[in-house]
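Dear colleague,

I am passing on the structure below, and my notes on it follow directly after.

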Amino acid sequence: MNLRLERTEKDAIVLHAVFAILSLIVLFISLELSVGVRLCVLVVLYNVMIPAGAFLRRHDDWLALWLFLLPVSILQIFPDWFLAAELGVLVFPDTGSLRLGEVPLFMGGLWVIPLFVIVFLGRRIEERFNRKLGLFTVCITSFLLFVGSEAVLWRIPIWYAREVTTVCHVALYLIVPEVLLGLSAFLAFEMSRGRPCWYRLCAAFTVMVFYLGNLGLFYLIGEHLLLR
């Protein structure tokens, strides 16, 4: 069993380490820019770094994954909008960003970041070991990244939950849908890679609709049946 990191894995680690450092600098060093503008800059930066890194380092798998996840991320505005405007359980504070309805525009690119990590890591583990471990990795990584985001990002603030059951600022009804989001993105990318553009867009749309349906279902189960 070869446990040495391959070039694509080393490059991914370096890119994300650089992005993490830049994010800390942009978010926490005093600048005369609103939080919303800073977040927009970081989201655009990440969505430039991935295809640029793919081109410069010849990682075709990065580019294919990014081209799939960007439409997924843009479509994720609709579930966020539904939670904020219709259910009223999600709040996006005014951070100075342009908005589409209740949702800051930077959210249209923000979802690429965790989903890229989840799908990339799951694929690498599957290739090194086996499919079951790859799928397990996707689920665990989704749980850690999304729950960690819910627990931390309200401090910036990017969003926060309202009028739902939470533990350490994590809305409980979101946990299963967000794990399933990571898993569905992984499977949809796998099934649509190499297919025509319209097929990949339909797969991205399916991921969004699946997530939206799970949000409604687990909100109903969690908030109105189990925790009422």
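A contact here means heavy atoms within 4.5 Å. On that basis, residues 24 or more positions apart account for 72% of the contacts in the protein chain with a separation of 6 or more. Please bear in mind that this is a predicted model, in which local features need pLDDT of at least 70 and side-chain atom pairs count only at pLDDT 80 or more, while totals for chains, interfaces and linings use all residues. Residues are numbered from 1 along each chain as its sequence is written, and side-chain values use heavy atoms, with hydrogens and water left out.

The structure holds 8 aromatic pairs, where rings of Phe, Tyr and Trp (its six-membered ring) pair if their centres lie within 6.5 Å, and planes under 30 degrees apart count as stacked, over 60 as edge-to-face and the rest as tilted. One of them joins Y173 and Y219, whose ring centres are 5.6 Å apart with the planes at 80°, so this pair is edge-to-face. Both Y173 and Y219 are buried (under 20% relative accessible area, with exposed over 50% and partly exposed in between, using a 1.4 Å probe and protein chains only).

W198 and Y199 also form an edge-to-face pair, at 5.7 Å centre to centre and 65° between the planes. W198 counts as exposed at 57% relative accessibility, whereas Y199 counts as partly exposed at 28%. The charged end of R195 sits over the ring of Y199, 4.5 Å from its centre (the criterion is NZ of Lys or CZ of Arg within 6 Å of the ring centre and within 35 degrees of the ring normal).

Best regards
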